[in-house]
Amino acid sequence: MAAITMDQETTRCTARAWCWFKDIPEKFVSKIMDAASEGKKLGVEDPRRIIHSLKVGLAISLVSLFYYFDPLYEGFGVSAMWAVMTVVVVFEFSVGATLGRGVNRGIATLLAGSLGVGAHRLASFPGEKIEPILLGLSVFSVAAAVTFIRFYPKLKARYDYGLLIFILTFCLISVSGYRDDEVLEMAHERLSTILIGGAAALIVCVLICPIWAGEDLHNLVAGNIENLGTFLEGFGCEYFQTLDDKLQDQKASLYGYKSVLNSKSTEESLANFAKWEPRHGRFRYRHPWDQYLKIGMLVRECAYRVDALSGYLNSEMKTPPEIRVKIQELCTKMSSESSLALKELSLAIKTMSSSSIADPHIVNAKTAAKKLKSLLKTDLWKDTNFLDIIPAAAVSSLLIEIVSCTVKIADSVHELASMAKFNNDALKQKEKGQVLRVPSIEGSHNIAISVE
């Protein structure tokens, strides 16, 4: 019996092993198909990724010619590999990122190489016994000081890569110079090949289908504002259960605002890269990129309130219909008018036009907010269960705060239009009808209203 049991166990183990080996090709093919499907998805989402990959391959192929042709190789020797390495580490997705890394690497290599050669010369004067001690002290001092400088927020944001290359180059030149007498020639070859690699990367990046970080930041901020407007457009109907068939199909798009919540790091990176970029397209020299960060911050503040508001769409605490009816008109008015205002502001940024079309919608939203505040202070809720009022009061409060956020966003967009000298659409408004000037409720700025 024991022998039979062991034979059966051996047979089962053999069968499992055979099944495992038999499934290996199928699993391998499945993994390849999944990777191909994911790659296709990445390419469809942003075709520029494919173009960027081809551009990197082209730039590396160009600088590799220093190794393939004898006349070029004899001029630089093994140091030609630094040109290839420079392209690999410098070539980034956008022009601003590539230019920033290239300038950082070039200037850091020049300064660190000069300092390294100077440190080597000074350390050689006292004699061979003292030279390694002085070199060690110089490496320690420079590395420690520059590493501490990297902690400065402003320097870290734009020059962190340059400071890192500075430490690396200084250590390589000063330390390797102790065993190599041709330290000046080595520093010259390294700097020359790095400049050649950086120039090749920058030329390919700028001349062939350039990708501008500033344009991406511009479109990202405008898209985030539009996502908030899309949510508010459908919130009133969804919350008060008045969705028609058309809006029911668009229900899934309500939650596009969630991408706004985590956009801070992306916006800051794009703004940092955009500051390196030269004038291009519609974007002038010294374009106010920091203003986009200010708008982005206000948009995220609004998105946090929108996220809290969306929690009441599927909340277990349901407000009785008789209470909802009392606030339905004003809440829907605030939601829809804020939505229209945000979408107009998004369109104004996209088209880079100084538009005041959003202002009447803001006035209507503020008027509805004031009426709702007055309604909440009346005795209308005297005989109502307190627990039934809480959800309705929370929704009303959040909508009032969203209106306030919309006003701040509008003011920042108007400020951006003034700083960036957006095109004025006053002529377009005159073509539609007579333009009247009426003061806003808070008197902060005038509002243009077209009368047909």
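Student: Leaving aside neighbours within four places in sequence, which residues is Asn104 in contact with?

Tutor: Arg158, Tyr159, Tyr161, Gly162 and Trp276. Keep in mind that this is a predicted model. Asn104 itself lies in helix H6, residues 95-124.

Student: Is Asn104 buried or exposed?

Tutor: Read the relative accessible area against the cut-off: buried means under 20%. Asn104 has 8% relative accessibility, so it counts as buried.

Student: Now charges. How many salt bridges does a search of the whole structure find?

Tutor: The search finds 14. For each one, read the N to O distance, then the place of both partners in the chain. Start with Lys350 and Glu226, whose closest N and O atoms are 2.6 Å apart.

Student: How open are the two partners?

Tutor: Between the buried limit of 20% and the exposed limit of 50%, a residue is called partly exposed. Lys350 falls there, with a relative accessible area of 33%. Glu226 is also partly exposed, at 31%.

Student: What distance, N to O, goes with the salt bridge of Lys275 and Asp290?

Tutor: It is 2.9 Å. The pair again links distant parts of the chain, 15 residues apart: Lys275 is in the loop between helix H13 (264-274) and helix H14 (289-310), and Asp290 is in helix H14. Lys275 is partly exposed, with a relative accessible area of 37%. Asp290 is partly exposed too, at 46%.

Student: And Glu337 with Lys333: how far apart are the closest N and O atoms?

Tutor: They are 3.3 Å apart in this salt bridge. Here, check the sequence spacing.

Student: Why is the separation of Glu337 and Lys333 about one helical turn?

Tutor: Because the two are four residues apart in helix H15. Then check accessibility. Glu337 counts as buried, at 8% relative accessibility. Lys333, in contrast, is partly exposed, with a relative accessible area of 36%.

Student: Which residues are linked in a network of salt bridges?

Tutor: Asp46, Arg48 and Asp216.

Student: Next, the record. Which residues does UniProt list for "transmembrane region"?

Tutor: The unreviewed entry lists 50-69, 75-95, 133-152, 159-179 and 191-213. Residues 133-152 are 85% helix and 0% strand, with end C-alpha atoms 30 Å apart. For residues 191-213, the span is 78% helix and 0% strand, and the ends lie 28 Å apart.

Student: Which residues form the nonpolar patch on the surface?

Tutor: Its members include Leu58, Leu62, Tyr67, Phe69, Met81, Ile203 and Val206. The accessible area of the whole patch is about 1100 Å². Ask next which elements supply it. Helix H2 (48-63), helix H3 (65-68), helix H5 (81-90) and helix H9 (183-207) each give at least two residues. Take Tyr67 as one example: it is found in helix H3 and is partly exposed, with a relative accessible area of 34%.

Student: And inside? How many residues has the largest nonpolar core?

Tutor: It has 61 residues, and those with the most contacts inside it are Ile225, Leu309, Met334 and Ile409. The elements giving two or more residues to this core are H10, helix H12 (258-261), H13, H14, H15, helix H16 (358-376) and helix H17 (386-419). The largest share, 14 residues, comes from H17.

Student: Not counting residues up to four places away in sequence, what does Leu309 touch?

Tutor: Phe231, Leu232, Phe235, Val395, Leu398, Leu399 and Ile402. Another core lies apart from the largest one: it has 26 residues, among them Val63, Val87, Phe91 and Ala119.

Student: One last spot. Where is Ile357 found?

Tutor: In the loop between strand E1 (353-354) and H16. Ile357 counts as partly exposed, at 30% relative accessibility. Ile357 and Glu344 are 13 residues apart along the chain, and their C-alpha atoms are separated by 6.8 Å.

How values were computed:
Residues are numbered from 1 along each chain as its sequence is written. This is a predicted model: local features need pLDDT of at least 70, side-chain atom pairs count only at pLDDT 80 or more; totals for chains, interfaces and linings use all residues. Side-chain values use heavy atoms; hydrogens and water are left out. A salt bridge is a side-chain nitrogen of Lys or Arg within 4 Å of a carboxyl oxygen of Asp or Glu. Buried means under 20% relative accessible area, exposed over 50%, partly exposed in between (1.4 Å probe, protein chains only). UniProt positions are given in the numbering used here, feature names are shortened, and annotations may be inferred rather than shown by experiment. Contact means heavy atoms within 4.5 Å. Patches are made of residues with over 30% relative accessible area and no salt bridge: like charges are joined within 9 Å, nonpolar side chains (Val, Leu, Ile, Met, Phe, Trp, Tyr) within 5 Å. Accessible areas come from the Shrake-Rupley method with a 1.4 Å probe; for residues, only the protein chains shown count as cover. A nonpolar core is a set of buried Ala, Val, Leu, Ile, Met, Phe, Trp, Tyr and Cys residues joined through side-chain atoms within 4.5 Å.
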